[in-house]
Each structure stands twice: as structure tokens, then as C-alpha cells.
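Biologist: Could you walk me through reading a few features of this structure? I would like the general idea each time, and then the case at hand.

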Amino acid sequence: MRINSSRGRCNRSLSLFLTICFFTVVCDGGAVFAQDRSEPETQKQTPIPAFPFNAVPDTAFGVIAVRPAQILAEKSMQPVRELIQQEKQKNQTFDLFGLDPAQLESVVLIYLPSVKGEHLTPTFIKYGMVIKSGKLIDRQLAKKMFSKLELKQADFKGKQILTTGAIDGDGLCFFDDKTMIVSDNISAVLQIIEQLQSTAGKSWSQRLQTVEQSSVAAAIDMRIVRELAIGQQMHTLAERIPFWPVLSPLWDNSDVAFFSLKLDRELSAKLIFEQKENSEQVKQALEGVLSLGQNMFAQIQETARKNPQRVQKGDLEKMKVIESALQAGRVTQKVDQVTLATSLNDNESTRLLASLVPGIKQAREAARRSMSKNNIKLIMLALHNYHQVHKHFPPAVVLGPDGKTPHSWRVELLPFLDQQALYDSYKMNEPWDSEHNKKIAETLVPVYHNPNSETPKNASYFVVVGKDTPFGTKKGVSFAEMTDGTSNIIAIVEAKQDIPWTKPEDISFDGKKIPDFGGFHDGGYHTGFCDGSVHFISSRIDPETLKSLLIFNDG
């Protein structure tokens, strides 16, 4: 059975984009970056439009909403904008289905439970995303970014639905010229459309009025989460936390929990817990959380005072800002809502974001390493699927129908990477650098591209070609021939080379001198082994050990 590696692309976009866009989304450096939110207080402020919370079905158990354009335009985001500019110089893009985040009015991510038999489990959670753009959506580009597969059309309540064809496959709907709905499950798209057109069942819209003017907003129905398997697992893990007795009333008694973060000169944040009963216990718990935070921070400050040599300048900045936030913290109660709120002025929020930039850079590099590792996992999965069909790995150079024209194994592997359409458009009876095929080479295939690469058309992953390497024969090597054991043989290496991904060229190895690998990450490079596993090889690895890993039959 051929394994499908495509599911999860839309899922990852839905679940990760909201976090990315707050800190590291790439936007056009022109008009947006030129805006300065420091105009005089007397100048009339443009009202912030409410989030489209009327799209949230009553059955949803969680919502996250972000205003990318508004956040990125804030004066306090200057350190993040500078980081973004640096990333743009590396050709890094983080658009969402072809939409420039600098023009995104809002993005609302909706979590919906999906029933599997009689149980609700984390595996069967559906995600739906409502995207509102400040400009007209380029539908053709959005469809292209949404899926490489041919999309099928269907009508639902007067709206055109686009889907990959699978019963529970990805779905897309252009609700109007500036609004699109996407999901990893077509049924979620249908639920959201139905909710938008309905005049009844607006419980979430009413609940979320408290946070509808926020820059970032989130809400979760604690009653549903407590019933979900993931909620039960969270509770089991949480009980191991030493101060869980302080937090447990929030878990046990809250009906709905809200989070609000607003950037408008100053930064204000709120945690709101709503419950019909036991509000006093919830208030006491929040007061305990605030007191606990203040006490813990006091201990940290005392430790820093006694050991100043261990405290870096950036840490001091963070400590000053955190101290201000804790001092400004207040717990209030209004009927059935209990709120923990704090705020930072413009200068404090700018200092905080500036102090976080190094951490953001480290987090991004860690994320890029993870992405590169995942790319190699997908390549290895494709190689295994290829082996299942052909009974051997592809050779490094695959010959065209004439038996003479060379092509890369990367082209040969495209159908096994859900790139059948791209493979079909490549002409195997022409050289890789023919006028037609050179256009194919300009197409970015994400799985062949390291996120730190500055040249999208170049390959980032190669096979090693030489005597007794897994790709050193003209016919391809089978698992049976790998007498060293598949877990002891390198198949794919990560390397920075000026080689287009369609070019039938890889890295040569004469059995003596180790070639240059890596170049994208400090300290080493990722490799894919013939058993499908992926390992990060240190640049300080013993050369003889590495040589033995490149050969498949040296004992």
C-alpha cells in the first residue's frame, strides 16, 4: 500500500499560522512599515472592526483570532519588523494561501469536535479558518497555494465549495471578494458557511463580545475540553505541577476561558473566566496565581542580585518589564466573570519585544531545523514507496525514454511526493535544461528546499554518488543489497550546493575525501538513513565513521 504524505499540510497551516504571524510574519516593507502609531493623542483613532465571530458554530469548543496588519503596524513592533526585514533579505515568505499578512484584516481559527464512534478524541478535531483580507483576494493564486491537486466544485447554500474530492478532505470557499474559508475537513467549511448565513445559534458571537476589539483573542469552552480525551490527558499532566492546587479551581469551575491582548500604543492583556457558579473560588484562584507570580519573581530578582555575573543585559530588560506587568496586575469580578488584567506602556512593550527578538530568532532556527528534518522524512517516505513499487531505490541519474537523456532522481520521485501534476508537465524526452524543462526548474518544491536556503530553485538535499553508495549504481540498489543494515547507511544528505533541483547532479564521493555537507545550520547537517530515520550529524564526526555510513556493503 502506498503511503500518502500529503494530509496535514492544511492542518499545519491552520494551527501554526496564528502563532507565526504575531511574531514573524513577513509583510511588505513599504507603506505598512512606514506607519508610525505615535501621532498625538488628540488625533482621532480609526475604530478597529470587530472579529467575524458570527462565523463560529455553537458546536465549536475553541477560537483563536489575530489581526496581522494591525499588529504589524504598531510602533512597539519595530524590533519585530526589523527582524522581518532581515528574513525578507533571505527570500523567506510566510504568506497565507498567497495573501500578504500585511493586508490581512483578521484571521479566525475555529476548533470543532469531530465524533468518532461515541468518543471525542484529539485525533478527531477539525479546524476551520476564516480569513478576511483588506484587499480583493486573488482567487487563482489562493487555489494554487491551497492545493496542487485538481479541485472539484460543489454548491452549498448558494456558495461554491472547492475540495480535493475526498469525503473528509481539505475544503475551500470564497465567501465573498475579501473573505475565504479553509479547513482540513470539508464538513467544517460547510458548518461555518451555515453559521454565517444563519440568524439563530450565535452563542459564541455573544460570548466573544468581551474580546472582539482585541489584537489577539482566544476563547475555549472548558466544559467541552474537560470531556475531550485531550482535556483528560492535560488534567493528568497538570496534577504533577507543584502549584496545581492553586490552579485547579480554574480548571474545575470555569465554563469558558478568554484571553485578550490589545496593542494600541500600550499593551494590555486579560485573562477572563466565566462561570455560572463558584465565581468566588475562581477569583481566589486568580489572586493566588498573581501572588504566586509576584513571589516567584521576587525570588528570581533576589537570586540575580546575589549573582549579578550570571545575569545578562537582555535578562535585566525582561525582568524590569515583567516587574512592571506584575505590579500592574489586578483581579476584578463582575457578576459571573472574573478577570486578571495587566498592561505595559508603549516604551515598556517596545523594550519587551526587543528583548524577545533573540529568543524569536532561536525559536525560528529551531523551527527551521524541524522543517528540514521533516523534509528529509518525506523524501525518505517517498523513496520507500518508490522501492515498494520498483523493488529498488531510484538511481541518482534516471534515463529518459530514449535511454540516453539524463534526469535527476528528484524528478523521478515527484509522483511519490504528491507532485504528479508537476511530474507530468516535465518532459522526460528533453534535457533537464531545455527551454521547457528550465521553467519547471523555477518551480519551488518545498520538500526539496531548506527553509534557510536563499535560492529557491536550488536543491538542498542530495544523494552521494560513488562506488558502493546506495545511489552509486545505474539501476538502483535494493534493501536486500544493503548488507550493512538500512539503519547504518546514509541515503540523503543536507548540503548547500549551487545545483538546481531538476539537474541530474549530486555529490560525488571517491571513497577517500569526505565531501562538503551542510551549510544551512550551525554544528552539522541533517541526513536521511535508508531505514527512513533522520539524524543530525555533527560537523565534528569522525571521518572514518562517516565514510562507513556512506557505504552500503563495507561490513
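Modeller: Gladly, starting with surface patches: they are made of residues with over 30% relative accessible area and no salt bridge, where like charges are joined within 9 Å and nonpolar side chains (Val, Leu, Ile, Met, Phe, Trp, Tyr) within 5 Å. A salt bridge is a side-chain nitrogen of Lys or Arg within 4 Å of a carboxyl oxygen of Asp or Glu. Areas come from the Shrake-Rupley method with a 1.4 Å probe, and for residues only the protein chains shown count as cover. The model is predicted, so local features need pLDDT of at least 70 and side-chain atom pairs pLDDT 80 or more, while totals for chains, interfaces and linings use all residues. Residues are numbered from 1 along each chain as its sequence is written, and side-chain values use heavy atoms, leaving out hydrogens and water.

Biologist: Which residues form a nonpolar patch on the surface?

Modeller: Ile241, Phe243 and Met296 do, with about 230 Å² of accessible area together. Met296 belongs to helix 11 (residues 279-306); helices (H or I, at least four residues) and strands (E, at least two) are DSSP runs numbered from the N terminus. Buried means under 20% relative accessible area, exposed over 50%, and partly exposed in between. Met296 has 41%, so it is partly exposed.

Biologist: In what order do the four strands of the open sheet run?

Modeller: Two strands pair if DSSP finds at least two bridges between them. Here the order is 15-17-19-20, with antiparallel pairing. Strand 15 (461-462) and strand 20 (534-538) each have a single partner strand, so one side of each has no neighbour in the sheet. Strand 15 pairs with strand 17 (residues 490-494) over two bridges, and Phe462 has Val493 in strand 17 as its bridge partner.

Biologist: What is the phi of Asn278, and where is this residue found?

Modeller: Most residues other than glycine have a negative phi. Asn278 has a positive phi of about 60 degrees and is found in the loop between strand 10 (266-274) and helix 11. Its relative accessibility is 33%, so Asn278 counts as partly exposed. Asp418 also has a positive phi, near 60 degrees; it lies in the loop between helix 14 (409-412) and helix 15 (420-425).

Biologist: How many disulfides are there?

Modeller: A disulfide is a pair of cysteine sulfur atoms within 2.5 Å, and the count by this rule is zero. Cys173 is buried, at 0% relative accessible area, and Cys530 also counts as buried, at 0%.

Technical notes. Buried means under 20% relative accessible area, exposed over 50%, partly exposed in between (1.4 Å probe, protein chains only).
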